[in-house]
Amino acid sequence: MKYAYRKHVIKWFFLLPCLAYLIVMAIFPLTWSLRLSFTKWLATIMENPEWTGITNFRDILFKDPRFWSALWFTVRFVFLTVVIQLGIGLGLAHLLHNNFRGRNFFRVLFLIPMACPPIAVAFLWKMMLHPDIGIINTALQTIGLAKVKWTTSVVVAPFTIVMVDVWEWTPFMFLVLFAAFQALPVEIYDAAAVDGASNFQVFRKITFPLVAPIIVTIVLIRIIDAFKLFELIFGITSAGPANATEALSFYVYLTGIKWMNLGKGSAMSWIFLLIVLGISLILLSRLRKKI
Amino acid sequence: MDNQRNERKNLRRQRRIELGTQKRSPLGWTILWLIMVVFTIWTMFPIFWAVITSFKHTGDAFNPTFIPWVQFKPTLQGWHFVFITAGERTLRSLKNSILIASCSSALVLLLGAFAGYSLGRFVFRGWKNKDIAVWILSNRMFPPVAVVIPYFLFMRTLRLLDNPLAIIMAHTVLNLPLGVWLMMDFFRDLPRDLEDAAFIDGCSHLGAFFRIALPLAAPGLVAVYVLSFIFSWNEFIFVLVLGFHKATTIPILIAGALTSKGLEFWKVASISLIGIIPVVILTTFVSKFLVRGLTFGALKE
């Protein structure tokens with residue numbers, strides 16, 4: 001009896017510090033920002049926030065084309081980068097499935113891009129992509145091709161951001177998928193071999209359906225992560241040229257922190273949060289089933 | 001254990017033979033390796049280029065030359081600038097980075113190990129273990145930029161702006177969900193019997209936790225600490241908003257390296273490498289866990 005009671009106390013004793021910390025440091029700021037989102041507060045000129053109801057939300061959603069263009073850029077970016085990463089990752093993982101010697105070496109090697117500070121990645125690429133003296137354009141010129149305005153052309157710059165993100169995260173897709181392939185049961189493949197299935201049939205009918213749940217999970221994870229895109233924009237293009245690469249998180253940062261428009265910034269944070277939360281809920285409900 | 005592994009290995013070899021993949025034609029092998037080599041070069045080139053550039057003279061930095069001593073004369077100009085000329089700022093950032101990353105990771109470890117043990121060992125009713133764990137994880141999914149405004153105000157009220165403590169607190173929130181999930185997994189995989197035996201011998205719950213469960217989970221503790229160290233080291237937005245002058249870290253130093261004035265690539269390269277080299281070294285120690293960490297602890301590699 002005493003033992004059971006102590007058990008009841010002890011489990012909360014262990015859990016509470018963590019819950020308390022998260023409530024104070026995560027839930028409290030969020031509710032604070034929700035309250036602020038219904039106010040007007042230009043912190044550079046106003047002492048205190050001024051209640052304005054839903055004006056901020058109305059302004060952002062109906063009167064702010066820049067918000068919509070930032071959202072549109074972010075959505076296009078997320079879609080493209082995740083599709084390309086999944087394509088290359090899946091292709092490589094399938095190609096090397098069963099045939100991969102020195103995989104521990106490659107595993108460590110491929111971890112490097114994603115372990116680097118994203119801001120360092122941004123600046124390394126910014127150096128290489130410099131329109132006049134960057135190594136990439138110099139190399140292109142050497143082999144007789146035209147220079148590309150990687151960061152200064154409205155058309156090319158969004159794809160440059162996608163390219164760098166693909167560089168950073170494709171190895172991640174590859175490693176997860178490769179591990180998933182290796183964990184598949186051997187017997188099914190034997191059966192397929194006995195039945196004389198072709199390589200492509202094996203992939204389409206066996207491998208792909210078996211790893212599909214993992215693909216869904218990592219695609220969701222990458223989508224949520226890709227929405228957070230900030231450092232690459234900050235480092236490589238600073239949202240330019242002509243706001244062509246302004247991601248939602250960067251616009252939120254400009255509005256709320258740089259321009260100190262705390263009310264509008266909070267409202268935009270919440271819209272952003274709700275978008276990501278929608279995708280997160282799908283992922284969370286999948287993860288909930290797994291534990 | 002070893003037997004099982006051998007068996008798996010054999011089965012895999014058999015599968016290769018039966019699928020005919022082992023008897024790939026020489027052309028097939030060549031293409032396979034070509035793809036692998038191209039992908040490796042693509043992945044490694046930016047890092048390699050940064051290393052090369054950091055040893056170049058101002059004039060050489062723009063040339064497509066690759067081999068030191070043969071194609072260009074290496075110099076320590078960049079490194080001299082970073083550690084001597086601008087040494088004070090670099091060392092301050094380095095000190096802050098280490099302080100913030102190690103303190104916030106310690107806090108993550110402490111809170112995460114407690115909560116992970118609680119969720120991995122005990123049964124919660126009503127609000128079930130699953131619900132609590134998922135709620136904790138949901139905190140990791142918020143875009144950081146969406147909470148920086150209240151953080152900024154919060155820290156201003158507490159007069160902690162430009163104080164490493166504010167960043168430590170922020171990074172702890174960021175990494176805590178990961179810590180809880182990884183520790184939960186580790187404790188769940190540990191056998192209960194040892195703790196039960198300890199109870200029978202009259203050990204208290206706290207005693208069992210500290211003397212038995214925690215030492216057994218040591219590999220997990222190391223993984224959580226190193227992972228959250230890496231993520232805190234790399235984090236940029238919170239430091240950008242909460243620290244201006246005194247509490248800057250390496251990522252901020254990198255962001256300030258490319259001034260409008262100069263195309264001093266050697267400087268950018270060497271400062272970036274200061275940020276990259278420590279995490280790459282740490283990564284090799286936790287290579288098995290990094291992917292797990294990046295998937296919020298959801299996928300085991």
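Predicted model: local features only at pLDDT ≥ 70, side-chain atom pairs only at ≥ 80, totals over all residues.
1. On the side of domain 1 that touches domain 2, the residues divide into 3 nonpolar, 1 polar and 1 charged.

2. If you want to find these domains yourself, domain 1 of chain A covers residues 1–36 and domain 2 covers 39–290. Their C-alpha centres lie 33 Å apart. The contact itself involves 5 residues of domain 1 of chain A and 9 residues of domain 2 of chain A. Across this interface there are 0 salt bridges, but 3 residue pairs are in polar contact, both residues of each pair having pLDDT 80 or more.

3. Now turn to the contact between the two chains. Chain B brings 113 residues to it and chain A brings 107. About 10,500 Å² is buried between chain B and chain A, and carbon and sulfur atoms give 80% of this area.

4. How many salt bridges are counted between chain B and chain A? There is 1. B:D131 forms a salt bridge with A:R288, and their closest N and O atoms are 2.9 Å apart. Polar contacts are worth a look too: 10 residue pairs are counted between chain B and chain A, with both residues at pLDDT 80 or more. On the side of chain B that touches chain A, α2(B) gives the most, with 15 residues. That side of chain B divides into 81 nonpolar, 18 polar and 14 charged residues.

5. Is B:T43 buried or exposed? B:T43 counts as buried, because its relative accessibility is 0%, below the 20% cut-off. Leaving aside neighbours within four places in sequence, B:T43 is in contact with A:F110, A:P113, A:W167 and A:P171.

6. Another threonine to look up is B:T90, in helix α4 of chain B (residues 87–121). With 2% relative accessibility, B:T90 counts as buried. A polar atom of the B:T90 side chain lies 3.0 Å from the backbone oxygen of B:A86. Once neighbours within four places in sequence are set aside, B:T90 is in contact with B:V82, B:F83, B:L253 and B:I274.

7. Next, a point about backbone angles. Most residues other than glycine have a negative phi. A:M260 has a phi near 55 degrees, a positive value in a residue other than glycine. You will find A:M260 in the loop between α11 (248–258) and α12 (262–290) of chain A. A:M260 counts as buried, since its relative accessibility is 15% and the limit for buried is under 20%.

8. B:R159 is not a glycine, although its phi is positive, at about 55 degrees. Where does B:R159 lie? B:R159 is in the loop between α6 (148–157) and α7 (164–189) of chain B. At 74% relative accessibility B:R159 counts as exposed, because exposed means over 50%.

Conventions
Residues numbered from 1 in each chain as written. Chains lettered and ligands numbered in written order. Heavy atoms only, no water. Domains from an automatic or database assignment. Contact = heavy atoms within 4.5 Å. Salt bridge = Lys/Arg side-chain N within 4 Å of Asp/Glu carboxyl O. Polar contact = N/O pair within 3.5 Å; in protein donor to acceptor, adjacent residues only side chain to side chain. Nonpolar A, V, L, I, M, F, W, Y, C, P; charged D, E, K, R; others polar. Buried < 20%, exposed > 50% of the residue type's maximum accessible area, 1.4 Å probe, protein only. Buried area = accessible area lost by both parts, 1.4 Å probe. Helix = DSSP H or I, 4+ residues; strand = E, 2+ residues; numbered from the N terminus.
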